[in-house]
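Take a look at the model below.

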Amino acid sequence: MIVDTNALFGLKTDHLQEHSDGFFINTEVDAPFKTLKAAAHEAGFDLKPASSYRSFERQLAIWNAKFCGVRPILNIDGKVVDIRPLDDWEICQAIMQYSALPGASRHHWGTDIDFYDAKMLPEGYELQLVESEYDHHGPCAALTHWLMTNAAQYGFFFPYRHYLGGIACEPWHISYYEVANRYLSQLKPQSVAVLLTDTDIEGKSAILAHIDEIFTRFVTNISDM
Ligand SMILES: [Zn+2]
């Protein structure tokens, strides 16, 4: 099945449907996610999306804000990176530990969801999506453990389960394997390069010069199902 290029890049929305309060999910993933949610509910959790579909425009705004220092870039230890001494390519690599290159984000596809356990968060708590919320005694740790054990039987996996030298470990990010894999297999460095050539993206020449390496290290380099 061929995926529309604009759906791959987060440039259109007709591969999506609204799941709940403003969260959009791929039409092929909404039912499996509801089944997963029901199973999690049976096990005592309230599985909710913190983030699902994200458009190209939104990802571009995040990227440019981080590149210009308007939004902090965190390193793997959760510390803010001082970008002043870094060259453009070094800044790009620092951003990509936690934020995907626009056009190459799995969140464009609507197949991937950052989750949390709504039952465990105190009123008014603002989720940070940091490891301490998801491991040991963090509020989402029990749900994460349950999903790591059970999500696969519902077709979901953790593409950023382990740090593999590219994207940091993101225990809050799950993906519906069958559909996401179809999208990933059709995403090519050269087509992202063409897309970004006509885009106002910070660090453009560094990105274009390293597009193959970006794919190898940050796009196709994921943990398996
Ligand atoms: Zn995510």
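Ser52 is in contact (heavy atoms within 4.5 Å) with Phe23, Phe24, Ile25, His107, Asp112 and Ile113, leaving aside its neighbours within four places in sequence. Ser52 sits in the loop between strand 3 and helix 3 (56–67). Helices (H or I, at least four residues) and strands (E, at least two) are DSSP runs, numbered from the N terminus. Ser52 has a relative accessible area of 2%, so it is buried. Buried means under 20% relative accessible area, exposed over 50%, and partly exposed in between, with a 1.4 Å probe and protein chains only.

This is a predicted model, in which local features need pLDDT of at least 70, side-chain atom pairs count only at pLDDT 80 or more, and totals for chains, interfaces and linings use all residues. Residues are numbered from 1 along each chain as its sequence is written, and side-chain values use heavy atoms, with hydrogens and water left out.

The zinc ion has as protein donors His107 (NE2), Asp114 (OD) and His173 (ND1), 2.1 to 2.2 Å from it. Asp114 lies in strand 4 and His173 in strand 6 (residues 173–176), so this pair ties together parts 59 residues apart in sequence. Donors here are N, O and S atoms within 2.8 Å of the metal (3.2 Å for Na, K and Ca); water is not among the atoms, so sites may look incomplete. Along the chain the donors of the zinc ion follow the spacing H-x6-D-x58-H. Asp114 counts as buried, at 3% relative accessibility. His173 is buried too, with a relative accessible area of 2%.

Next, helix 6 (residues 141–150). Its buried residues are Ala141, Leu143, Thr144, Trp146, Leu147 and Asn150. Their cover includes helix 2 (30–42), strand 3 (47–51), strand 4 (112–117) and helix 5 (131–134). An α-helix has 3.6 residues a turn, so residues three or four places apart point the same way.

Now the whole chain. Its secondary structure comes to 10 helices and six strands. Of its 225 residues, 50% count as buried. Among contacts with a separation of 6 or more, 68% join residues 24 or more positions apart. The C-alpha atoms fill a box of roughly 50 × 40 × 30 Å, taken along the principal axes. The radius of gyration is 17 Å, which agrees with the value near 17 Å for a compact globule of 225 residues. That radius is taken over C-alpha atoms, and the globule rule is 2.2 Å times the number of residues to the power 0.38.
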